[in-house]
Amino acid sequence: MRGIKQYLFIAAAFISGAVSAQSSKTYPDYLQPDHAVNALTMVMIHDVVSPPVAARYYAYSMMGAYNLVEANTKSVPTLKSIVKAYQPTGVLDTLKGKYDYKIASYYAILEIGKQLLPSGALLEDDQTQFVTLLKKTGVKQDVIDNSIKAALAASKDVLAFSKSDNYNKLSALKRYTPSKADGKWYPTPPGYFEAVEPNWRTIRVMLLDSARQCKAAKLVPFNKDTTSAFYKQVMEVYNQSKHLSVEQINQAMFWDCNPFAITTSGHMAIGFKKISPGGHWMHLTGQVAKQAKLSFDQTVAALTVEGATLMDAFISCWDEKYNSDRIRPETFINRYIDVKWQPVLQTPPFPEFTSGHAVVSNASAELLTYLLGDNFSFTDNTEVPFGSSQRSFKSFRQAAAEASMSRFYGGIHYMESVTQGNVQGKEVGNIVISKLKAAGLEPFAK
């Protein structure tokens, strides 16, 4: 774990050589905001953080950096004009001493992650290495010290805000008990894990008005009759699994993003840790920000609004999941069609409708299309460290469409959940965009 993290940090730091840290239009490679986000991701993988919780961590971790950009430039609208519930204390306006807001922003991302993540203390090493790099490249000690003070002040503001989003109340809420009733979700093999975050709908949203603002259409009712619409949906999954092409399997594996998958060998179970769906889109946002040659301020803004979008998309999706409490294809097929059938992907431990990948991918795609344009071609290398190859896309919407379909190919979602998840995700994305426009955050693409 430490070896991987160190490699990511050091490789990122020295890829373009040692450069003096200055608050100008150009900045050294080790000040790329996405490097700090990648450090957070590595700790989340270590902690096996669930997808909705990971999105929350990304959202808050970027807010301190955004506040520092906002306080030192006129390049972005105020955060409180975007996230209405957020009311900053104005502590950054009272700071004395010269500091570099870019250094402070990078440090704040790590600091908030350090305070929020279960194993956040691991990020202290990244902070230490970062400060060492600053010294080696000639940044004065007083600037470093003042920048850290600014980062801590910005972090304290955001951390106080995070404590009021109901996350700390989740453990006191009524526990979810799975039902064996027809049509209801039930834990699936091989891990038979308990349901992930059944009360996530109670978390405060960032840009939406409520968890239920983006409701999916009424779903096809459960029915075991072989002539029913629901049974036909099940058979779609079952039949597709027997005729998958190599390309369809590749798509399913590329977008798997299962934080903890289990493979069994005889009596032994082997766990594999991977990046979350939100982590995939955060990494992709950082990647395309570099490709588009966005400024430091624009990159921070893109990562911040992407994190907030992911958080709201998961809250919206999770509200649908536990309202419908719908049975997974694996459970239905094993009970009523083929007891030995297994999907290509491991079934995630939560209800089926709507597809989380469809919701968060389409919400993200709409946001990135707004920021960078509809014909932005890119090659996504997010999954390379996890044993997958790169995949190329002509647009963010094409990537989202593939991510959505990958869950059908993987055998873990019905087509209805994919199509309705696409609609729900686009609605979340469009509401986010309307809020950004109202706040004055203009597209970066000219």
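## A buried alanine and its helix

Alanine 65 has 0% relative accessibility, so it counts as buried (under 20% relative accessible area; exposed means over 50%, and partly exposed lies in between, with a 1.4 Å probe and protein chains only). Alanine 65 sits in helix α3, residues 51-72. Helices here are DSSP runs of H or I with at least four residues, strands are runs of E with at least two, and both are numbered from the N terminus. Tyrosine 101 is 36 residues away from alanine 65 along the chain, and their C-alpha atoms are separated by 8.4 Å.

The model is predicted: local features need pLDDT of at least 70, side-chain atom pairs count only at pLDDT 80 or more, and totals for chains, interfaces and linings use all residues. Residues are numbered from 1 along each chain as its sequence is written, and side-chain values use heavy atoms, leaving out hydrogens and water.

## Two crossing helices

Two packed helices are described by the angle between their axes and the distance between the axes. Helix α13 (residues 356-372) and helix α15 (residues 415-439) have axes that come within 7 Å and cross at roughly 35°. Axes are lines fitted to C-alpha atoms, for helices over the stretch in contact, and angles run from 0 to 180 degrees between N-to-C directions.

In the contact of α13 with α15, 10 residues are nonpolar, seven polar and three charged. Ala, Val, Leu, Ile, Met, Phe, Trp, Tyr, Cys and Pro count as nonpolar, Asp, Glu, Lys and Arg as charged, and the others, Gly among them, as polar.

## Salt bridges

The whole structure holds 15 salt bridges. Each is a side-chain nitrogen of Lys or Arg within 4 Å of a carboxyl oxygen of Asp or Glu. One of them pairs aspartate 182 with lysine 224, whose closest N and O atoms are 3.0 Å apart. Both residues lie in the loop between α7 (141-162) and α8, so the pair ties together parts that are 42 residues apart in sequence. Aspartate 182 is partly exposed, at 39% relative accessible area. Lysine 224 is also partly exposed, at 39%.

Aspartate 319 and arginine 212 meet in a salt bridge of 3.2 Å, N to O. This pair links distant parts of the chain, 107 residues apart: aspartate 319 is in helix α11 (residues 296-324), and arginine 212 is in the loop between α7 and α8. Aspartate 319 is buried, with a relative accessible area of 1%. Arginine 212 is partly exposed, at 45% relative accessibility.

Glutamate 416 and arginine 326 form a salt bridge of 2.6 Å, N to O. Here glutamate 416 is in helix α15, and arginine 326 is in the loop between α11 and α12 (329-336), 90 residues apart. Both residues are buried. Elsewhere, salt bridges that share partners join Arg201, Arg212 and Asp319 into one network.

## On the surface

Lysine 232 is found in helix α8, residues 229-241. Lysine 232 is exposed, with a relative accessible area of 53%. Its C-alpha lies 9.8 Å from that of tyrosine 414, 182 residues away in sequence.

Ile249, Met253 and Val344 form a nonpolar surface patch, with about 210 Å² of accessible area together. Isoleucine 249 belongs to helix α9, residues 246-254. Isoleucine 249 is partly exposed, at 32% relative accessibility. Patches are made of residues with over 30% relative accessible area and no salt bridge; like charges are joined within 9 Å, and nonpolar side chains (Val, Leu, Ile, Met, Phe, Trp, Tyr) within 5 Å. Accessible areas come from the Shrake-Rupley method with a 1.4 Å probe, and for residues only the protein chains shown count as cover.
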